[in-house]
Amino acid sequence: MKIYTATGDRGKTSLFSGERVSKASDRIEAYGDLDELNSTIGALIAHLPSDRSDLSDELQRIQADIFMISAWLATTANSPAVDSLEPIEERQIVFLENAIDRLEDLLPDLKNFILPGGHISAAWAHAARSVCRRAERHTVLVLESSGDDEPAEQLKRALIYLNRLSDYLFVLARECNRLHGLSDILWKKS
Amino acid sequence: MEQRWLSKKTFEIKLRRPEAFNFKPGQRISLKYKNLERDYSLASSPDEAHLTLCIRYVAGGLLSQALGDAEIGTGLSFYGPHGYFTIKPSQRPTVLVASGTGIAPFRSMVRSGAAPEFILHGVETSADLYYAEELAPASGKYIPCLSQSGDSQTYFEGRVTDYLRRHLPSQNYDFYLCGRREMIRDVTLLVDELFEGSFIYTEAFY
């Protein structure tokens, strides 16, 4: 299998379900955001302490989930390509919720807004969080023009996943600072 | 494994199919031999006792050359299957377009009962139409597109894109494209231009 075929040189691309669409369409925006999210998470993983393979494993599992959500975004209603895709499952959302609870237990209560930043890993986690929010907004846009079909059902679940993932990345950013002995940077009125 | 030469540049290899191994027509496997690894589409149907691969012999192409020269009975390992290049049920007519050994997955599909409206096979000479006898009766129209036929009465002379542009009736289709990436690019851009609203599935070999 070759990486490039140059079929997208004129601004169109092929969906997983076979249609040719504009690269500026909502679907492409949405899974482009997920691609960016995955890259950002990759940068975050690269800055984690080397003895925290548990966190990098957790994040790689999330990257795999994001891949799957991208495939659903690349698949239109009534497409037989649906049969090749894995459903997004409740357990994947529960996995995030459990991880959030675990991290929150390690962190002091938050009574203020915080400013993104601190250790470089925390800064990447915040960057990932904001890309995740954008992916979520574009997924809503795709859903708003979808009917009641299988891909739409999966995207509804993807929205829950992305909403939870943003929260996870927020607490992970705080945890990254804590791991490096840094406090949250609290927002103060200037 | 054993080889069978189909033309000067193309050979088949047959592998014993492991009992638990299943695949869908159109999928590929990753073949490993002498520390080399490459993906090949299966050309046989999932019901057959053997797995057949259709390989273009490339002088200097490390794995194809090693396989072409390998002794019968040589043990090979593989893993898979991979890929999503499978026929999707559709209301639109199916057009399969291959260049060279890109015909392999289409042979698997046809041997498994697919009846596409069109099969186009772009090759150099009529000696490269190794699966013609099998594919012609299985499709509405089997169209070899030869770059050097020397017999324009029998064969269409020109590239697959030339045929599509001149002869394919204007409507929406499901296109399946397999083979050289230049062919895939050219057909895709032609579909965008002349058959807008069609669906395209692709597998690029080389």
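Guide: Start at A:D101, which is partly exposed at a relative accessible area of 44%. (Buried means under 20% relative accessible area, exposed over 50%, and partly exposed in between, with a 1.4 Å probe and protein chains only.) The areas come from the Shrake-Rupley method with a 1.4 Å probe, and for residues only the protein chains shown count as cover. This is a predicted model: local features need pLDDT of at least 70, side-chain atom pairs count only at pLDDT 80 or more, and totals for chains, interfaces and linings use all residues. Residues are numbered from 1 along each chain as its sequence is written, chains are lettered from A and ligands numbered from 1 in the order in which they are written, and side-chain values use heavy atoms, leaving out hydrogens and water.

A:D101 sits in helix α3 of chain A. (Helices are DSSP runs of H or I with at least four residues, strands are runs of E with at least two, and both are numbered from the N terminus.) A:D101 belongs to a surface patch of negative charge, together with A:E104, A:D105 and A:D109. Patch residues have over 30% relative accessible area and no salt bridge; like charges are joined within 9 Å, and nonpolar side chains (Val, Leu, Ile, Met, Phe, Trp, Tyr) within 5 Å. Asp and Glu count as negative, Lys and Arg as positive; His and the chain ends are not counted. A charge is placed at CG of Asp, CD of Glu, NZ of Lys or CZ of Arg.

Now take A:R102. A:R102 forms a salt bridge with A:E58, at 2.8 Å from N to O. (A salt bridge is a side-chain nitrogen of Lys or Arg within 4 Å of a carboxyl oxygen of Asp or Glu.) The pair links distant parts of the chain: A:R102 is in helix α3 (residues 90–106), A:E58 is in helix α2 (residues 53–73) of chain A, and the two are 44 residues apart. A:R102 is partly exposed at 35%, while A:E58 is buried at 9%. A second bridge in chain A joins A:R52 to A:D54, with the closest N and O atoms 2.9 Å apart. A:D54 is partly exposed, at 39%.

A:F113, A:L115, A:I185 and A:W187 make up about 400 Å² of it. A:L115 lies in the loop between α3 and α4 (120–144), and is partly exposed at 38%.

What other salt bridges are there? In chain B, B:R107 bridges to B:E134, with the closest N and O atoms 3.3 Å apart. B:R107 lies in helix α2 (residues 104–111) and B:E134 in helix α3 (residues 132–135) of chain B, so the pair ties together parts that are 27 residues apart in sequence. B:R107 is buried at 7%; B:E134 is partly exposed at 28%.

Step back to the whole of chain B. Its secondary structure comes to five helices and 12 strands. The radius of gyration is 17 Å, close to the 17 Å that the globule rule gives for 206 residues, so chain B is as compact as a globular protein of that length. (The radius is taken over C-alpha atoms; the rule is 2.2 Å times the number of residues to the power 0.38.) The C-alpha atoms fill a box of roughly 50 × 40 × 30 Å along the principal axes. Of the 206 residues, 57% count as buried.

Last, the backbone. Most residues other than glycine have a negative phi, and most peptide bonds are trans. A:N78 has a positive phi of about 60° although it is not a glycine. A:N78 is in the loop between α2 and α3 of chain A and is exposed, at 75%. B:N35 also has a positive phi, near 60°. B:N35 lies in the loop between β3 (28–33) and β4 (36–41) of chain B, exposed at 85%. The bond between B:G80 and B:P81 is cis, with omega about 0°. B:P81 lies in strand β6 (residues 77–82) of chain B.
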